[in-house]
There are 2 protein chains.
Amino acid sequence: MAKEVTNREENYSQWYNNLVVKADLAENSAVRGCMVIKPYGYAIWEKMQDKLDSMFKETGHQNAYFPLFIPKSFLSREAEHVEGFAKECAVVTHHRLMNDPNGSGVVVDPAAKLEEELIVRPTSETIIWNTYKGWIKSWRDLPLLINQWANVVRWEMRTRLFLRTAEFLWQEGHTAHATAQEAIEETQKMVEVYAKFARETLALPVVVGHKSEAERFAGAVDTLCIEAMMQDGKALQAGTSHFLGQNFAKAFDVQFANKEGKLEYVWATSWGVSTRLMGALIMAHSDDNGLILPPKLAPIQVVMVPIYKGDEQRDAILNRMDELKKELAALGVTVKIDDRDNLRPGFKFAEWELKGVPVRIAIGPRDLENGVVELARRDTLTKESVAQEGLAEYVKGLMDTIQENIYAKALKFRDENTRKVDSWEEFKEEIEKGGFLLCHWDGTKETEERIKEETKATIRCIPTDSFVIEEEGTCIYSGKPSKQRVIFARAY
Amino acid sequence: MAKEVTNREENYSQWYNNLVVKADLAENSAVRGCMVIKPYGYAIWEKMQDKLDSMFKETGHQNAYFPLFIPKSFLSREAEHVEGFAKECAVVTHHRLMNDPNGSGVVVDPAAKLEEELIVRPTSETIIWNTYKGWIKSWRDLPLLINQWANVVRWEMRTRLFLRTAEFLWQEGHTAHATAQEAIEETQKMVEVYAKFARETLALPVVVGHKSEAERFAGAVDTLCIEAMMQDGKALQAGTSHFLGQNFAKAFDVQFANKEGKLEYVWATSWGVSTRLMGALIMAHSDDNGLILPPKLAPIQVVMVPIYKGDEQRDAILNRMDELKKELAALGVTVKIDDRDNLRPGFKFAEWELKGVPVRIAIGPRDLENGVVELARRDTLTKESVAQEGLAEYVKGLMDTIQENIYAKALKFRDENTRKVDSWEEFKEEIEKGGFLLCHWDGTKETEERIKEETKATIRCIPTDSFVIEEEGTCIYSGKPSKQRVIFARAY
């Protein structure tokens, strides 16, 4: 089974596509660009949602729900926003079908044309700020800290499961504040929430930074992001947090009376992560045998495979497994016993490796006699014999060890593939090898654009954390002065 | 504040609309027929989701996600389904906007017309069964027990918040089975899950029964439902569970190899509840002062209002409240301290009554001295003085008492408004008074249709549980023989 996955070395892109499908995470649907998220993939997404949702609530946010549709005219209200978003989207023009007068099937009823077309939301700033106008009157109504879990649609021409799909699932936070300072702090707070989530739950090292003007969200004053490195050395933007200034408040006329009774426009942020994180998770950690899931996101943390001949051995081993499963469940470890009787153990081993289950426990008749199990770790592919006595405690501890090891491995890879580059010749050579290039840049759109045209590399971010290297230098492309290195990379 | 809600007696319909908006549950949006679910309303929906989701998982179901869009041709594949569903829906015809060549704003790009129109899902049987075709090969792939949480769109002409909206949120279960018997058992199991949820969580008494053929889901062989009674005596269908036979399997050619290796069509069920349950919750329990929430669904179970003059009293009372809040939180009770200093206690009392918080605790300076609190119950509007010592335990117990009392009250109301009716003259008189009428019916579509035309009453269900009255009789309308009474009512 695992053999059906293409090697990473051979064809990284095909390896990814194979893996998503073979590990039962998602598949393409009958609708161009829209995916079906299968139960195993959705269970991982649910774990991401649970954790993020509790982090949002701990930071004072509440969930709400806004309409799927946006009146076409709303998109034009914020000038930059429409430029960035309005173009490739699903447009609803009619509200009725009718029986085909010329035969079988149904056709669109021409009499049911909408007066104004509706756009399936590509993001919800416009409909939400139109709503906030009714909610915000006074400084006492602020801050307004709201999040929405929803589906959105962007009509992408070239789609890839999880990474770029016409419809995807996400959360979008939309907050309103009385001061610019407070909104800026919110923008920073939420990008830090994303960074913490990525590091501690996805086991994914990320760089936090600002986007350059060219890469900024349409309508934002500043965009913060988390950027991760995949195993092919390409960057993946895993989450963004935008300071929107007063742009949307002005576009939708949202003002509040301040403590002095004067009207002021409200300050805004928005921030989101999506099912794209599933793509990041897969590409950052997995290997040629299949997925490698961090224990915190694994729908099944331990799989048990009995090895037996005949019903008597089978019953004895499965009984012991049931007892061990109970002990593990009591410590909060999720266990599946694979008791399918039509498959050989080797086949099952490969299948659970493909699905990324962190720990596999096999018990054969001799193990049963000796009071031990064979325990295999997915992340290291190592095996050891462990006593059944105390197994639950041991495995519980192993969950943390594996979580940390997966992070450490990804961090090591990222650090090994991050380097300073100081000349244009070197840049053109190094960018072909992948990874993050820390380079001086003159801060202009023109230079950024040229570099992108010539090398397909973009500025992933101007780092604000561990990668901040404030030093004088000269732009690799133009030779003009620069005050800080930025991260260039090719990206998903 | 509470005064702004219309009396139920005066205008029940307006009372409902007022309540939904004034209690901050939902509001109409800029998009015709689509609502905004506000944070307080969404928090109640989240509690419903949590409980239902855990009940689905306990009964072996997994969540997944299928596309928002359905190719138009899919709707025609199951003949009855298209008749029942295809007509009023949102139709996507284009995938791009462009800058208006004649001026400002954006227009639909005529060059971006889709080859085949896409329908925003009104329900997902067709796209899901088209997907299942790829998932089901052998009896070993069955049963397939899947649920989806999603938004759906039905282009309703007359909409009401929560009860009937163009877009609504729901869950839809879609299961596949090897035998008719197993699928029928699943249909029954899930309607019982809904009934249990309604009774124990929503505190809503429901009748379980079969729909008549005329009221059946489009494409179903049999539809089971739960029916509740609102305070105006009208019925509300709160959930449905359909046995779909082999209709969708045949329409999408989904066959499996049975244990003998022969190909057979798969048997199907589908079942769903929606944000309509919010409407049922509101209309079943609330009064002229506002919402009455069962403790199991209340986002805030206890609100504390300090009564004080001056900062010294304020600090002392709020300190004590903090301690009590901690004790209550330790028992799992959700508490909010309303420390807003710009509002009088009377205003706060009215606001929290409007929002249906089950228990209100007020502490004044004398209460503080005496070690007591004033405790008010929302369901009975009674007040009592309770010692601070042991308050948490007392309130914890009160949550169950209130939950049960709300159910008992609704049950009493329903039973008082359910009666046997044996003649057509009596029926026409009684139906004007509202409530459930238990009547003999000859089992024909024609009679059902006539009764509906003449009285607007429909058969809510043919009961399968407590209301089963198997007795010989004659149809109230046609006088023909009948073997069982059914429930007639006017309905939402």
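Colleague: Into which domains is chain A divided?

Modeller: Chain A is divided into domain 1 (2-285), domain 2 (300-400) and domain 3 (418-489), with bounds that come from an automatic or database domain assignment. This is a predicted model, in which local features need pLDDT of at least 70, side-chain atom pairs count only at pLDDT 80 or more, and totals for chains, interfaces and linings use all residues. Residues are numbered from 1 along each chain as its sequence is written, while chains are lettered from A and ligands numbered from 1 in the order in which they are written.

Colleague: Why are β5(A) and strand β5 (residues 88-99) of chain B said to pair?

Modeller: Two strands pair if DSSP finds at least two bridges between them, and these two have five bridges, in the antiparallel sense, so they meet the definition. Within β5(B), B:Val91 is the bridge partner of A:His94.

Colleague: How do you know that the two copies are related as by a two-fold rotation axis?

Modeller: Superposed by least squares on the C-alpha atoms of residues with pLDDT of at least 70 in both, chain A can be laid on chain B with an RMSD of 0.0 Å by a turn of 180 degrees and a shift of 0.0 Å along the axis. The two copies are thus related as by a two-fold rotation axis, and in chain A the C-alpha nearest that axis belongs to A:Val92, 2.1 Å from it.

Colleague: Why is strand β18 (residues 359-363) of chain A called largely enclosed?

Modeller: A residue is buried if 20 or more other C-beta atoms lie within 10 Å of its own, exposed if 12 or fewer, and partly exposed in between, with C-beta atoms placed from the backbone. Five of the five residues of β18(A) are buried, so the strand is largely enclosed by the rest of the structure. From β18(A), A:Val359, A:Ile361 and A:Ile363 point one way and A:Arg360 and A:Ala362 the other way.

Notes. Helix = DSSP H or I, 4+ residues; strand = E, 2+ residues; numbered from the N terminus.
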